[in-house]
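The sequence and structure come before the details.

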Amino acid sequence: MRAIPTIPQSLAIDGGAPVRETLLPYARQSIDENDIQAVVEVLRSDWLTTGPKVEEFEQAFAARVGAKHAVAFSSGTAALHGTAFAAALKAGDEVITSPLTFVATTNCVLYQGAKPVFADVCSGTLNIDPDRVAEHITSKTGAILPVAYAGHPAEMDAIMTLAEKHGLTVIEDACHALGAEYHGHRSGSIAQMTVFSFHPVKHLATGEGGMVTTDRADFAESLCKFRNHGITSDARERHASGAWFYDVEFLGFNYRLTDIACALGISQLKRLETNLGRRREVAARYEAAFRDLPGIAIPREREGVKSAWHLYPIRVDQKVAGVDRNRLFRALRAENIGVNLHYIPVHLHSLYRERFGYKGGEYPVAEAAYEQLISLPMFHGMSDRDVDDVIAAMRKVVLHYSR
Ligand SMILES: Cc1ncc(COP(=O)(O)O)c(C=O)c1O
């Protein structure tokens, strides 16, 4: 660990030397030789897609999260679309979800012609507030779609209880939360359907890729058909039986994940525990280094929850920190710390403003958080030196402005 300078240095944004020579990204994948070997083996095999690696990945994944079924998709977005279809969402239905998420969460509702209805978030975790969810339940509600923001599960006990009371399906967007735990249950085993993403910034990377986990055999069957044009059997089953006949039962898509990607997924899944451990270490070092920084609020795990630490979103209170989020963001970028922002609340995007008439001001907690958020680099491949650099840059910049 390097010593953190005590003599005030001029900020890189003001012409001083940056903490790092090169930009540290906010997240990136880690690929090792086993991953490469696994992919090469598939490239030499008979099946590049719809082959045996798909089922192998699905089974290993289902076992890891404690679900009966896992269905692989070509992306987390495609997987979300699959869940919206399997939950039979249709025009006229409403889905209650969080405004503070990536737009894929809510676009999947639009794909089915249904309407997302936002419920504001809790100010601590920035996850959907169950009390606000309850206020929005009507006869039109078709599902509740909580998001595990930054890797920290939402209040799933309260959400599942509400859903049960009203006979609603819960689809959890756990694209940030592979490996998270909530009151002894793993993300992926709590809601009726849970969605994961394997985009390179996530805990497990397959390039593009996604998964739905569920205990319901009917959902799993419908998801399998949906990702394959609505066809009743897949190519490998027909290959094995020598049969050519199939039927198209409904309008599906080609949302299949290749064997190449699944082989990478199987290989990466073996390192999940180690990678989660590394993310926890980084979070612990950040916590120790930032807890005394004036005007900076850091993310914290609620009692009984293990975050998967996908993101590390801090919040800047301008009045105390002496600097606003935008200036702090630019100052950290100038120090070559690749900060990012998660998220512009969905209802503020043009598509949602124009289609549903949102104007801003409807979800005060999410909107206030958005004005304050900065995501610091957080990924399992971070070296100690990378972590030192983020800490040094944060302390240098924040202490400069709060002096
Ligand atoms: C919360 C959330 N939901 C859904 C998605 C979509 O996943 P994908 O990029 O795999 O389509 C993402 C991706 O970043 C996400 O962060």
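## T206 and its loop

T206 is buried, with a relative accessible area of 8%; buried means under 20% relative accessible area, exposed over 50% and partly exposed in between, with a 1.4 Å probe and protein chains only. T206 sits in the loop that runs between β8 (193–197) and β9 (210–214). Helices (H or I, at least four residues) and strands (E, at least two) are DSSP runs, numbered from the N terminus. The T206 side chain makes a polar contact with the backbone oxygen of E208, at 2.7 Å. A polar contact is a pair of N or O atoms within 3.5 Å; within protein, one atom must be able to donate a hydrogen and the other to accept it, and residues adjacent in sequence count only if both atoms are side-chain atoms.

The model is predicted: local features need pLDDT of at least 70, side-chain atom pairs count only at pLDDT 80 or more, and totals for chains, interfaces and linings use all residues. Residues are numbered from 1 along each chain as its sequence is written, and side-chain values use heavy atoms, with hydrogens and water left out.

## The ligand site

Around the ligand there are 15 residues, of which G76, T77, D173, S197 and K202 come nearest; a residue is near a molecule if one of its heavy atoms lies within 4 Å of it. By class, this shell holds five nonpolar, eight polar and two charged residues. Here Ala, Val, Leu, Ile, Met, Phe, Trp, Tyr, Cys and Pro count as nonpolar, Asp, Glu, Lys and Arg as charged, and the others, Gly among them, as polar. Two helices, α3 (76–86) and α4 (104–111), each supply at least two residues of the shell, and α3 gives the most, with three.

Oxygen atoms of the ligand lie 2.7 Å from a side-chain N or O atom of S197, 2.7 Å from a polar side-chain atom of K202 and 3.2 Å from a side-chain N or O atom of Y343. The ligand taken alone exposes 390 Å², and the protein buries 91% of that; accessible areas come from the Shrake-Rupley method with a 1.4 Å probe.

## Helix α3

α3 is mostly covered, as nine of its eleven residues are buried. The buried residues of α3 are G76, A78, A79, L80, H81, G82, T83, A84 and A86.

At the N-terminal end, α3 is capped by S75, with a side-chain oxygen 3.3 Å from the backbone nitrogen of T77. After α3 comes A88, whose phi is positive, near 60°.

## Backbone exceptions

Most residues other than glycine have a negative phi, and most peptide bonds are trans. T50, which is not a glycine, has a positive phi of about 50°. This residue lies in the loop between α1 (33–43) and α2 (52–65), and T50 counts as buried at 14% relative accessibility. A150 also has a positive phi, near 65°. The loop holding A150 is between β4 (141–145) and α6 (156–166), and A150 is buried, with a relative accessible area of 7%.

Which residues does a cis peptide bond join? The bond is between H342 and Y343, with omega about 10°. Y343 belongs to the loop between α12 (325–334) and α13 (350–356), and its side chain has an N or O atom 3.2 Å from a ligand oxygen.
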